[in-house]
Amino acid sequence: MIRRLDPGTRSKIAAGEVVARPASVAVELVENALDAGAETVEIEVDGDGTDRIRVADDGRGMAESDAALAVERHTTSKLSAADDLETVETLGFRGEALPSIAAAAARLELTTNDGGPRGTRVVVDGGGDATDGEHDKTVSPAGRARGTTVEVTGLFSDRPARKKSLASPKAEFARVSAVVTRYALTRPNVRFVLRHDGRETLATPGTDRFADALLAVYGRDAASHASTFDSAREVSAAGETATVEVDAALCHPEVTRSRRDHVHVSVNGRALAEPRLRRAVADGYGTLLPDGREPVGVVRLRLPPAWVDHNVHPAKDEVGFRDADAVAEAVESSVRDALSTADLRRSGEVAMDLESSLAPVEAASVFDDLRVIGRFRGLYLLCEAGDELLVVDQHAAHERVNYERLREAVESAGIDAASVDPPATVSLSPTDAALLDANRDLVEKLGFRVAEFGGGSGSGTYRVEAVPAPLGRPFAPDALADVVADVAAGDDADPRDELLKDLACHPSIKAGDDLTDDDAARLVERLGSCETPYTCPHGRPTVLAIDEETFVRGFGRRSGRLG
C-alpha cells in the first residue's frame, strides 16, 4: 500500500534524491522491478540514456490509486516510519525513485496493472518549473498485463550543465550495462534483457543457476571454469552476534581480468560496486592468482538488516556494516576455504622468445660499465657498478624495455598484428562489448582486428581475426577483454598509455624465468638505453643500489676495499 511519509522520515531520505546520470535511473527502476517480485525485467536504452530509458517488468504492479500516488514526492510503499530505515529489506526505498526521476526528466510515463481487468497510465511532465516540488500529471486507463512499465524521456533536458558533464553516449551506456550486468549475475533467478538502440546486448535465462548467468555474460569458458559454494560465518560486534551467509560462483584462476570490476557482489539482494568486499574476494584467492591479475566471480551476502546501512552512498554503490572488517574477513575466509577444495588445475604457459625485445639499440646505455655477476632466486640480477652493487628486478626491467618499444612503435607506425587463422571466438560481457563499440578505433590501432559474430554491434560474441604481436610474440585472443577493461578505467588523458603498460607486461620475463648469462647482460644493457630506466611502466623500481659503505657498516669494517 502506498502511503505518505512523515516529515522526520522525509528528511532522512532526502539525500537519496540524486539522479546523477542515466545509470542512476536504471538502478532505481530495476530495483523497483525486483522489489515488485518480477521474474522478467526488460531494459531499453536509446543513445546515452538521456533520450529514452524504458524498464518493463512482470511484477505485482499497482492499482490506480497507488500508481497516481507513487509519482508524488515523499511517498513510498516500503517505509512507514523513520525506524524502518534501520531494518529495511527492500532495494528501492531511497530517493523515492519515480518523483526524483520525473523532476530530472522532460517526461515520465508509468503504465501498470496489479492483475485487474484494466491497467493505469500516469504521465508526469517533469522538469524544474514546479515550485512546490510537484509536476503536472495525468491519470488514465490503459491496457497492460500484470506488471509495470516506466518510460523516461528527455533526461536532463532542462539541466544543460548536468547533461554536458556526462561522458560520451557509448560510455554512458556502458555504465547502464554495468548496472544491469551486476543484477543479472547476482539475481540469476530473474530473466534480464538489455537492448541498446534496438539491439539486444544482454539476455539471461532466469533459471536461478549461476552457470547460466555466467554463460550469458562471460561465455562458455568462464561458465565451464566456475565453482559454486555456500557457507555461513558467525561475526560479532558490540556484544551482538550475527550470521553472514555467503553463496557464490567463482571462476578458476585461469579465468582472470586485469581489473577487479568483474567481481560482482550483492548484500541482502542489493548489487554493489563495493570495493572492500571485492578486495576480500580477491584476497581469498591469495597466491592462486597470477601477479597483477584479478578474479571473475559472483558473491552474494546475506546478514541481518540491522547490521547493514544502505543509506551511506548516493549512488548505492557501497553500504555500511556494523563491523566492516568482520564481514570482509567472513567473505575472504569463505572464498579461501571454497577454493581450497576446488579443482584448480590449469594449463601451462608457453615459453617466450627474448631475441626481438633484447636486440641491441643505437642509443647509449647508462649501464655500460655494469657487469652482471650473479642471479638470486630467479627474480633478481646482481650487478657490479663501481663501488655499488645494483640489484635489478628482471620482470620490472623487461616491462620497461617492452613498454618503451611499444610506445615508439605506436607513435610511428602502430603495433604489428598477427593474423589468427582460423579466427578465434571471444565472448565479452555486455559492459565490455559496449566499451569495445565505443573505442573500436583505439583497440584496432593497438593491433586487434575484431568482427561481430552472428549479430550486430554489442552482441557480446566476436571473431578475433588479428591480435597484437608486440616484440614478435602474438597475444592470446582472450586479451581483448583486458584491453576493453582498461579503457573502462578512463583515468588517463590518453587511454593508449595504460593499455600499452598492460600490453608490455604480458610478454615480459616472469619471476622465476631462468636467464642465461648472455640474456641477463643484454637485458641490463637494454634497460640502460631506456628513456626512464629506473622504474617499470607502473611506477615500481627496476633497480636498487647498495653502496660499499653499507657493507662496511654491516660487517663492522673500518673501510672498504679501496680505503
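Strand S2 (residues 40-46) runs antiparallel to S3, and 6 bridges join the two. Here strands are DSSP runs of E with at least two residues, helices are runs of H or I with at least four residues, and both are numbered from the N terminus. Two strands are said to pair if DSSP finds at least two bridges between them. This is a predicted model, in which local features need pLDDT of at least 70, side-chain atom pairs count only at pLDDT 80 or more, and totals for chains, interfaces and linings use all residues. Residues are numbered from 1 along each chain as its sequence is written, and side-chain values use heavy atoms, with hydrogens and water left out.

Strand S3 (residues 52-57) is largely enclosed by the rest of the structure, because 5 of its 6 residues are buried. Buried means under 20% relative accessible area, exposed means over 50%, and partly exposed lies in between (1.4 Å probe, protein chains only).

Asp-158 lies in the loop between strand S8 (147-155) and helix H5 (160-164). Its relative accessibility is 36%, so Asp-158 counts as partly exposed.

## A four-stranded open sheet

Another place to look is the open sheet of 4 strands in the order S20-S21-S22-S26, with antiparallel pairing. Strand S20 (371-376) and strand S26 (543-547) are its edge strands, each pairing on one side only. Neighbouring strands are turned by 25° against each other on average, direction ignored. Axes are lines fitted to C-alpha atoms (for helices over the stretch in contact), and angles run from 0 to 180 degrees between N-to-C directions.

S20 and strand S21 (residues 380-385) run antiparallel and are joined by 5 bridges; Val-372 stands opposite Cys-383 in S21. Helix H16 (residues 517-528) packs on the sheet and touches S20, S21, strand S22 (388-393) and S26, with its direction at about 115° to that of S20. Helix H17 (residues 548-555) packs on the sheet too, touching S22 and S26, and its direction makes about 55° with that of S26. Contact here means heavy atoms within 4.5 Å.

## Rings and a charge

How many aromatic pairs are there? The count comes to 1, where rings of Phe, Tyr and Trp (its six-membered ring) pair if their centres lie within 6.5 Å, and planes under 30 degrees apart count as stacked, over 60 as edge-to-face and the rest as tilted. The rings of Phe-367 and Tyr-534 have centres 5.9 Å apart and planes at 85°, so the pair is edge-to-face. The pair links distant parts of the chain, 167 residues apart: Phe-367 is in the loop between helix H10 (324-340) and S20, and Tyr-534 is in the loop between H16 and S26. Phe-367 counts as buried at 7% relative accessibility, whereas Tyr-534 counts as partly exposed at 46%.

The charged end of Arg-377 sits over the ring of Phe-376, 6.0 Å from its centre. For this, NZ of Lys or CZ of Arg must be within 6 Å of the ring centre and within 35 degrees of the ring normal.

## Cysteines

A search of the whole structure finds 0 disulfides, a disulfide being a pair of cysteine sulfur atoms within 2.5 Å. Cys-383 is buried, with a relative accessible area of 0%, and Cys-536 is buried at 1%.
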